[in-house]
Amino acid sequence: MNLFSSVDAEVLAPLTSGWFLEHAWLIPVVPAIAFALIILFGKRMPFKGSELGVLSMLASLVLSAGAGYQWIQRVNSATEEQFVDPVIKSWTWWQNAGFEFGIGQHIDGLSILVLFVVAFISTLVQIYSLEYLRGDRRYTHFFAALTLFSGGMLAMVLADNMMLLLLGWEIMGLCSFMLIGHWWEEDVNSKAALKAFFTVRVGDVGLLVGISMLYFAANDWTRENLDVSGFSIRGISAWALSGEPNSTVIMIAAIALFIACIGKSGQFPLHTWLPDAMAGPTPVSSLLHSSTMVVAGVYLVARLYPVFFVGLDIPGGGGNLIVIIGGITIVISAALAFVQNDIKRVLAYSTVSQLGYMMLGLGAGAWMPAVFHIFTHAFFKACLFLGAGSISHSASHHSFDMKRDMGGLRKVMPITFATWIISTLALCGVFPFSGFFSKDEIIDNVGHNGYGLFMIIALIGAFMTAAYMTRATYLTFFGKPRGASAGHTDHSAHDAHDAHDAHAVHDSHDAHASSGPHESGLLITVPLIILSVLALSSGFLNATPFGESWERMKLWVEPRAAEVIDETHSGGPGESLVVILPSAEDSHSKSVCGSAQPEKGICYAPQLNHAPFKWLKAMMSLAIVFLGIAVSWVLSFRLFTKRDPRLVGLTQRVKILGVGHKFLVNKYYLDDFYEKIIVRNIAGPIASAAYWINQNILDGIIHKIASSSRLISGWVYRNIDQRVVDGAVNNSASFTKSVGTAAQPSQSGKVSQYGALLFSAAGVAALVLVIINT
Amino acid sequence: MNMLRDNNWVLSVGTFLPMLGVVVMMLMPKAQDQAVKFVALVTSIATLAVGIFTAMNFDFDQAEKMQFVAETKWISVIKSSYLIGVDGISLPLYLLSMVITLLVVIYSLDHLPNPGKPKAFFSLLLVLQTGMAGTFIAQDLILFFVFFELVLLPMFFLIGVWGGEQRQYASIKFFLYTMFGSALMLVAFLALFFKTGAESFSIPYLIENGGSIAKNVQIWIFAGMFVGFAVKVPMFPFHTWLPDAHTQAPTQGSVILAAVLLKLGTYGFVRIALPILPIAAREWAPYIGGLAVIGIIYGALGCLAQSDMKRLIAFSSVAHMGFVMLGISTLTSFGINAAMFGMVAHGLITGMLFFIAGSVKERYHTLEISKIGGMLTQMPRLGWIFGFCCMASLGLPGLAGFWGEFPAILSTYNPAAGLNVTVYRVFMVIAALGTVLAAAYLLWLYQRIAFGTPKNNSHDEHSAQEELHDVTTHEWLAWSPLLIGILVLGIMPNLLFSVFDPAVQVTLSVFGG
């Protein structure tokens, strides 16, 4: 700590780098090339292109792991409070009129973390899909889309500027559309695909507006100080913390960007697409709609954190847009999870709720716990989804209905059961599973940073999470087997909904079905086991309770709020020497970043607070979780197994409960509001009205002009033309006469008539020329 | 203005070569269908070859200058001369017209619409090509006007003879509407001529001298041009000819109409109206921007109300050209670059969508959306191409449509000095909302047509199977250049932007920026 008591600026040794860091841009390029190859040659390959997908994901995984290793070395080469410069490479994509659109990489702890998660989960899900989609009629297309998705997401994550980020963002949306609608023969699936793309697109308006605003607001400053354009993420971050921005502009920009995040990350009130997206194949739900794509919105907030930090006054405490949306999302989606019978929908609402936690954390200044929650959540949620897929694949005959086709599966599917339980405990936040270390930290820090009300909401959410997961677990693995799990394979009983995975292996799978419920094969169970090991252990990478030496993730990932003077721009000698400006003597708020205008240097990351860990608080939230599990277990047991008369049919007997239940089953009528009121009105009456105006008013005027000029021309013909032989008038009369034809579509004519019309028109033009000539 | 006069024969040859083909065809006996097709194909290939030669000899480092300039006396009594040349703004559009004509000819080889008559049909296509190319190279207002009008006649016949059931109504509406606009435009041109001292119709001359016209007069002259060009674009509320013309036109007519003809209007704004009348342009710009965003929303709503696939695509043109006009209305070089890019991108994408509509009509014998379904099952390749084009049309980044759309929105945030920033920012948000509606109507269209299970039409099973064949060789030949273009321009937008930019900068120099 001596360093900070010294007054003079100290020149530090340059940071280490390495091949993997310098070439991190290869990480999305590999899957992009693989996508092209699968599309072009996939069908002719021995494994129908799936090998290209899996190999490219493995390559990306190796590259991101290498980059991660070298990043850790880079962090270690810095001093404890030094800002670790991201490894940025950028090339000009195109430029004109003073606008420069770049393409490049921005590699720092955050992007490496997410790159690794995406590559890792993508690899496992592709391996899982080898078995899960075996024999699918669009097997090659599936792998092509999955690979393109990974490429798009990886590109978005390492983007160094907003345009590349937007590119990746939209490619993900496209792949989400393609994959949700993978079995587009059925109406439900294609509608869900459309709804997902469209809802996210509504939010994307905010992204377009936000990028434009930030560009014009920041460009002059970034050009002058950093020599980058106003699209640069690094530039925007520094600009936001420079004290330069107009507070209204940056607030509106932050809100606009956040609207995009609401759409992409399924936050209230645009979360409605996510549960419907479960119509896609289960691997897709696992990869896109739980662990990776839907965290893109969270990632954007974390990536451009200074903009939100300043724009929405996050250090101010009390409440802001992000925490309010996050808080609402946590509770309302958790409540919906209680009334779902479809296991994937339970998980979908759970995802929405967990994304709410991440947003809440970011909104309340708990940056590190929220980012860590992206990491842990990816493992346990992917594992839960793949587990659900395993059940439908091998036990419940492609059904996801817990009440009808599951129950008692713990005995026949021991591996799936064990991995499920581990992941569920992680999701509930039970010590020492990974979710505890991230979620509890979020809750703790939210309270610590002055968002007390939202801490209570988060605790309520934790209780609800534990309860609905217990209910789902009970229905799936305990009690007596029902429906397909009991060996009934009644094909005719499949309605459109629970048959939505039935295409996967329609032909090859009937042989399995006759053998009854059983454990899945290795291609399915191995990914499950790997994910559950991580669900159990990954929390220790940032185990706050055990002291600072355990907080590896914080060390590696959290950007340090230090003022930086870049010598290359202030005209000094040497290569980008990084200088720290020590500020106050107080070791706790060493930096002015985010709290005041930096005086000499530039800040890239705001100064964040961390709540000191207290076992007492952790015990309290653990107690709440256990209470949730216990209450839910008892109720589930009494309701589903004992059929306790006091509980069965309660919603019919007690009116207020019935109303609440109905309200939940109808998803707060939000879907009805969007579909029946907004969409139906725009696509129906409003569009029709616009079209009516088109046909009757605009065209009506034209027709009126035509018919009246026909009347006039008739009058002219009778009264003038017959008496005064005048070539010019004659021409214009026949010209206007033909206008009448336009008003009478039924009146057909011959080509020669139009020829005459043309020549008369040409005559008019010639006449004009002649008049001018003389 | 600095002009380069090397190789000054290429533009005339490139423009009038199709006429040579027409003459050859006229001399051939009527029965020789194959020979006629051959001549048409060779002519359009030769035309494109001249076009490519032009592009290869074009000095891209001096894209801001008029090149291949040729000048001879023409109608000296009104001081109009045959003055032609291309710069970075016109060259891409000039080439686009040649490419589109060739592709349309290839497509027509085995998709000749009823009632046949290949000789007349191909002759008209080639005459149309001369008109389009001529409009883009003309540097004299009277010459421009003649070419601008020359385009009308063949299109009128294409719609009126080879069109759908209401072809007469549509063709006459198209013709009269455009004529009406042209009349006002001609008046504006004449006024411009007299107000600049009746010296010359040459555009470079008028750019130098137009700025000195009094403000009030400029505003009125601009109004005349505005109507003329706005009808062609078409801008709300002058667009009602477009859906009818598109719906009734044969596929080939729709493709050319969407891909090239609409650009004559926007090109006119950039080439003539803005630089010659800068003061009026600044006064008019907010109104143009306002009509443009109305067009974006209104066109999208019109799309949502359609039950006919082709009519829907036609309305989408109104929305897309709204983005182009919005870019132009910012009067910034970036906005106009975006508009220029949008013109080419819209030409490729919407042209492609009309090709697809034509092939759908040929196979299903209907364009009624509710009667088509499950295209991806029946014709997977066609379905995929259609999906690709829908994505391009709704502005997916990485495909050409995006670079016309997003830069236009971006530029609207900061319009040229002197324009009301608040108004334009409102435009920006409305235009951004337009992208949502674009996604809505295109994806909804795609969902209804491509997804789901095939609908049982009244045809008997066997003949339906026969007709629902996937993409044919001719279609591949005609379409792949467009599809490749959409992808390549999406990935490398600089290919076009770097050509436009210098010329646009020069054009805007009259605004003193």
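This is a predicted model: local features need pLDDT of at least 70, side-chain atom pairs count only at pLDDT 80 or more; totals for chains, interfaces and linings use all residues.
## Chain A at a glance

Residues are numbered from 1 along each chain as its sequence is written, while chains are lettered from A and ligands numbered from 1 in the order in which they are written.

Chain A holds 30 helices and five strands (DSSP runs numbered from the N terminus: H or I of at least four residues for helices, E of at least two for strands). Of its 774 residues, 56% are buried, meaning that 20 or more other C-beta atoms, placed from the backbone, lie within 10 Å of the residue's own.

Let's start with α7(A), residues 162–180. This 19-residue helix reaches 26 Å from its first C-alpha to its last, close to the expected 27 Å; the expected span is 1.5 Å times one less than the number of residues. Because 19 of its 19 residues are buried, α7(A) is largely enclosed by the rest of the structure.

Helix α23(A), residues 522–537, has 16 residues and spans 22 Å, close to the 22 Å expected. Its buried residues include A:P527, A:L528 and A:L531. Among the elements covering the buried residues of α23(A) are α5, α17, α19 and α20 of chain A.

## A helix pair in chain A

Helices α21(A) (452–477) and α25(A) (615–641) pack at about 35 degrees, with their axes 8 Å apart. The axes are lines fitted to C-alpha atoms over the stretch in contact, and angles run from 0 to 180 degrees between N-to-C directions. The crossing is right-handed, that is, the near helix is turned clockwise from the far one by less than a right angle.

Among the residues making this contact are A:F463 and A:Y474 of α21(A) and A:W633 and A:F640 of α25(A). The contact residues divide into 15 nonpolar, five polar and one charged (Ala, Val, Leu, Ile, Met, Phe, Trp, Tyr, Cys and Pro are nonpolar; Asp, Glu, Lys and Arg charged; the others, Gly among them, polar).

## Where the chains meet

At the interface, 55 residues of chain B are in contact with 52 residues of chain A. On the chain B side, α18(B) gives the largest share, 11 residues. That side divides into 36 nonpolar, 16 polar and three charged residues.

Terms used
A residue is buried if 20 or more other C-beta atoms lie within 10 Å of its own, exposed if 12 or fewer, and partly exposed in between; C-beta atoms are placed from the backbone. Two residues are in contact if their C-beta atoms, placed from the backbone, lie within 7 Å.
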